[in-house]
Each structure stands twice: as structure tokens, then as C-alpha cells.
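Reader: I'm new to this one. Can you walk me through it?

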Amino acid sequence: MGERSINIRLNKALGQNFLKSDRVSRRIVESVELNPSSTIVEIGVGSGSLTSILLEKGLRVIGFEIDTRFSEGNRRLEGERCELRYEDFLKADLSTLPDSVTYVANIPYYITSPIIERIMFDGPSFDRAVLMVQKEYADRLTATPRTKEYGILTVNVNTFSEVRELFQVSRKEFIPQPEVDSMVIELSLLENPPIGEARRDQYRKFVRHCFSQRRKKLKNNLKSIVDSPEELLGSMAIGVDVRAEELSVDDFVSLFKNIYPEGGV
């Protein structure tokens, strides 16, 4: 049963675009090696199309859905292996989630960044996150230096995780039909990220600072935190006239560790 069969007027303010059939949902589940011992956290349950497939596989699901109009129709899903929470995932207390989770979500385009940041940096450790996002957004996550898509999001996400594009989903698969295609991606946390958890927020703030005036040369953005940016960049064999968008993730990590050595003040 697809989302089309649910007699609920879609809410544009919530960015609701639902899949016409179960075909894509089944492909999502089949594309990923879901750990049977991991709890699936589904963000945006809707009418429970994907939830039903996850439960068919014998998985345990905790689902978040902000639109309470779906609650009556979804009562058939709730039970020992399925808990549905009708609240805003961005405001929910994630400390109540189990220690090991796998996120699955068809993310409304307008809140993609907040949800990914919440998953990556605010919630419990996760095995993987399988997310359907706007194709252009996926391009930002997998972008390379010196491209217009490469930016703060690219660097911060790729410092702490591996990003894989699984498959593209045509706009024709949705109702109402959006103006862009989607991409299903998989995020997997790195076992040994180059920046420890204690310094993660400081690093993310540093990356934002480096990109704060994107068209300016990096040395100008660094002047407020480094006495001699030109000398520092030269000592690291980084060109003194580079812009932030030209640095690789490894460059950002090295630069951060030079400016903020561990154990320093």
C-alpha cells in the first residue's frame, strides 16, 4: 500500500512529498545491510509504508512523525517491535534512544541540514544512516574541492563519516511531484575520526569560520584567530592565496590541529 491510499491532504508547510508506491521503499531496505540487533529510527513515518516493510524484516522500529493526523491509521503498526512518537525529531530528546541505531528517513528538503546535523552530532552513535535527500544536496555531501557544491557541510560530514550514494529516485515517484530528483545516500560513522568527540564542536565552528566569507582568501578569514596566517599556511605547504573551498578535508584537519593543538589553551 502506497502513501496515495491514505485520505489525508498533504501539508506543504511540512514539505510532505510521499512515494506513490512501496517499490522505492523496498529497494531502500534491500540496498542496505541492516543490522538485526540495531534499532531502526525512522524520521518521517507518514502513513507507515516504509515502517511496514522494516517490520516485515523482523526489525525493531522507533518512528518519529510530526503530523498527528497519521496516528489513527498507524495504530495497526504499533506493538512490541514498533514505537511511534508524534513529535518533532529536531526537538526530541534523543538520549532516550538505544545506544546502537540505524537511521532511515525520507527527509523534507527544507530541513535536510538540521536533520543531518542532529543525526551526526546530537544523537547516539549510529551504525548507518540511510537518507533520501534532494539530488543537489547529495552532490554537496560528495563534492570535491574547487567546486561550487563543496562547502561547510561537505567538510564537516566527511570529517566524521563516509558518504555513499546508493541510487537516484525520479521526481515522478512522488506525490505531489517535486521539481527535483532525489538520491538515497548512506552515512557511516568513521571508527577512528581524525578529530575526537571532545573537540568536534570546536572543529565544526572552525570550519564555519574558514568559509565565513567564501570569496575571500583563507588568510583573511584566519586573521581573527591566527597572528600570522601567511606564515602558518606557508609552513604547511598551503598556498597563501588559497580560498577555503580549495582545501581538502585532510587540509582542514591539519590546519585545525596546528592552530588548536591538543592540550593547548
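Author: What follows is a quick tour of a predicted model.

Reader: What share of the residues counts as buried?

Author: Of the 265 residues, 48% count as buried. As for contacts with a separation of 6 or more, 66% are between residues 24 or more positions apart.

Reader: Let's pick a helix. Is H2 mostly covered or mostly open?

Author: Mostly covered. H2 spans residues 49–56, and seven of its eight residues are buried. Among them are Ser49, Leu50 and Ile53.

Reader: What comes just after H2?

Author: Gly58 does, with a positive phi of about 80°.

Reader: Now E3. Which way do its residues point?

Author: Val61 and Gly63 point one way, Ile62 and Phe64 the other. All four are buried.

Reader: How does E2 run relative to E3, parallel or antiparallel?

Author: Parallel, with four bridges joining E2 to E3. In that pairing, Ile40 stands opposite Val61 of E3. The chain goes from E2 through H2 to E3, a right-handed β-α-β crossover.

Reader: What about E3 and E4, parallel or antiparallel?

Author: E3 and E4 are parallel, over four bridges. Gly63 has Leu84 in E4 as its bridge partner.

Reader: Next, E6. Why is E6 called largely enclosed?

Author: E6 covers residues 126–134, and seven of its nine residues are buried, so the rest of the structure largely encloses this strand.

Reader: How many bridges join E5 to E6?

Author: Six bridges join E5 (residues 101–106) to E6, and the two strands run parallel. Thr102 stands opposite Arg128 in E6. Between E5 and E6 the chain passes through helix H3 (residues 112–121), and this β-α-β crossover is right-handed.

Reader: And how do E6 and E9 pair, parallel or antiparallel?

Author: Antiparallel, over six bridges, with E9 at residues 182–189. Gln134 has Ser182 in E9 as its bridge partner.

Reader: Let me ask about Asp181. Where is Asp181 found?

Author: Asp181 is in the loop between strand E8 (174–175) and E9.

Reader: Buried or exposed?

Author: Buried. The cut-off for buried is under 20% relative accessible area, and Asp181 has 18% relative accessibility, so Asp181 counts as buried.

Reader: How far apart are the C-alpha atoms of Asp181 and Gly151?

Author: They are separated by 21 Å, and the two residues are 30 residues apart along the chain.

Reader: Change of topic. Which loop holds Arg146?

Author: The loop between helix H4 (135–141) and helix H5 (152–160). Phi of Arg146 is near 70°, a positive value in a residue other than glycine.

Reader: Is Arg146 buried or exposed?

Author: Exposed. The cut-off for exposed is over 50%, and Arg146 has a relative accessible area of 58%.

Reader: Now Ala237. What is its phi?

Author: Phi of Ala237 is positive, about 60°, although Ala237 is not a glycine. Ala237 lies in the loop between helix H8 (229–235) and helix H9 (249–259). With a relative accessible area of 74%, Ala237 is exposed.

Reader: Last topic, the second largest pocket. How much space lies in it?

Author: About 250 Å³.

Reader: Which residues lie nearest its centre?

Author: The second largest pocket is lined by 16 residues, and Met120, Leu189, Pro193, Glu197 and Arg200 lie nearest its centre.

Reader: Which element gives the most to the lining of the second largest pocket?

Author: H3 does, with three residues.

Reader: And what is the lining like by class?

Author: In the second largest pocket, the lining has 10 nonpolar, three polar and three charged residues.

How values were computed: Residues numbered from 1 in each chain as written. Predicted model: local features only at pLDDT ≥ 70, side-chain atom pairs only at ≥ 80, totals over all residues. Heavy atoms only, no water. Buried < 20%, exposed > 50% of the residue type's maximum accessible area, 1.4 Å probe, protein only. Pairing = 2+ DSSP bridges. Right-handed = clockwise from strand over helix to strand, strands pointing away. 1 Å grid on protein atoms, 1.4 Å probe; cavity = no way out; pocket = protein on both sides within 12 Å on 5 of 7 lines; lining within 4 Å. Points joined across faces, edges and corners; volume = space filled by probe spheres on them. Nonpolar A, V, L, I, M, F, W, Y, C, P; charged D, E, K, R; others polar. Contact = heavy atoms within 4.5 Å.
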